[in-house]
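Work through the following exercises with the sequence and the coordinates at hand. Each task is followed by a stepwise solution.

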Amino acid sequence: MRFRALGATFGTLERRSITFAPGLNIIESPNETGKSTLAAFLRVMLYGMPPRDRGALADKNRYQPWSGAPMQGTLELSAEGFGDVTLRRDTARAGNPMGRFSAVYTGTGDEVAGLTAADCGETLLGVPREVYERSAFIRQSGLAVDANVELERRIAALITTGEEEASYSEAASALKKQLNLRRSNARSGRIPTLEREIEADEAMLAELRSLQAERAGAEEALAELRSRETALRGALAAHDAADRQEQLAAREQAKRDADDAAREARVFRRMLADSHVPPREVLEENRSRLRTVQDLERQQREAETKRQDAELALSRFDAGGHPSRLPPAAAVWLILLLLCAAFPPAALFIPLAVEPAILYASAVTVVLFAVLFTLEYMRAGKAPPPRAGTRRA
């Protein structure tokens, strides 16, 4: 890396500008003219203010500008991998001098990626602040050689293997810390803590295995259910096909039945059209005559029953020893009874012009006279027979 120019308002440097030439640059001036201040300014521009300095001798208090202006400065440099870069630091707050930082490419104003206020010097020089202050940065009072882990690590690495990544003190401190962490303490020991974590992990692992077993069983049950679902869907499809076939057959049968009914209806219509159907009035009159004939048949059955009863009584009278020959008057009445019994069938041959009511009245009158005569004759026939030895006149 090579410095090119700087501009500073820093301690005794009031808007001071310096341009550096290639190679070694030596700055000569009397005491208290700002040589040490210029060296401190370069360190601050690279690494910023030391964060742990306190008191009146701290850099942020020691290098306050004598004019009272805010602390600020710029540094132009060239670095391998970055090119020409301009660093700027100024004071945004009184309690944080040189706290605002920016890094841009010189002449363009574009920000340089990878350079920040905290790690700008370490990125450009390859060493942290502590190593820089104890190696390349030589103060007026001499080089600081106090103990520092980073410097010790680098010196030890250069003396032994040349590697700069290992440090005895750092390794010893890390080992001691790890031993302290791993001491067997029931509360804060690392080993008991790890054992508890292992137990918790094993419990979680057992639970996970149980869940995996349950999942495997559920997957098997799901596969079986899916197989059953497939079989049931196939059976359902077969049943649906059979139902559709039956419905189709039923529709075909219904269609055939409807066609047959339609043909029969057409036949009946033709028969009705060909036949001479009487009017409704004639049909009603014939229906009335039919009812009359049915009543006459009923009366005939009743008269027949009465006739049979009379013949039974007559046969009983003859068996009792009475003369079986009826007197002339009884014979007349018997003839009338027979005529009345035969009257309903004979009424069928009577012209229907005669009122049916007159026929009924006449038949009932004759039947009543016949019944009265028969009862009187039977009462007279119950008289006691003549005594023995009495001669019949």
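Two strands count as paired if DSSP finds at least two bridges between them. The model used here is predicted.

**Exercise 1.** Determine how strand 1 and strand 2 pair, and over how many bridges.

Solution. Strand 1 covers residues 2–10, and its pairing with strand 2 is antiparallel, with 5 bridges. The cut-off for a pair is at least two bridges.

**Exercise 2.** Give the strand order of the open sheet, and state which strands stand at the edges.

Solution. The order is 2-1-3-4-5, an open sheet of 5 strands with antiparallel pairing. Strand 2 (13–19) and strand 5 (100–105) each have a single partner strand, so one side of each lacks a neighbour in the sheet. From one strand to the next, the twist averages 15°. Helix 1 (residues 35–47) packs on this sheet and touches strand 1, strand 2, strand 3 (72–79) and strand 4 (83–90). The direction of helix 1 makes about 105° with that of strand 1.

**Exercise 3.** Is Met 98 buried or exposed? Locate Met 98 in the chain and list some residues that it touches.

Solution. Met 98 belongs to the loop between strand 4 and strand 5. Its relative accessible area is 2%; the cut-off for buried is under 20%, so Met 98 is buried. Leaving aside residues up to four places away in sequence, the contacts of Met 98 include Phe 41, Val 44, Met 45, Gln 72 and Arg 89. Met 98 and Gln 72 are 26 residues apart along the chain, and their C-alpha atoms are separated by 6.1 Å.

Methods. Residues are numbered from 1 along each chain as its sequence is written. This is a predicted model: local features need pLDDT of at least 70, side-chain atom pairs count only at pLDDT 80 or more; totals for chains, interfaces and linings use all residues. Side-chain values use heavy atoms; hydrogens and water are left out. Helices (H or I, at least four residues) and strands (E, at least two) are DSSP runs, numbered from the N terminus. Axes are lines fitted to C-alpha atoms, for helices over the stretch in contact, and angles run from 0 to 180 degrees between N-to-C directions. Contact means heavy atoms within 4.5 Å. Buried means under 20% relative accessible area, exposed over 50%, partly exposed in between (1.4 Å probe, protein chains only).
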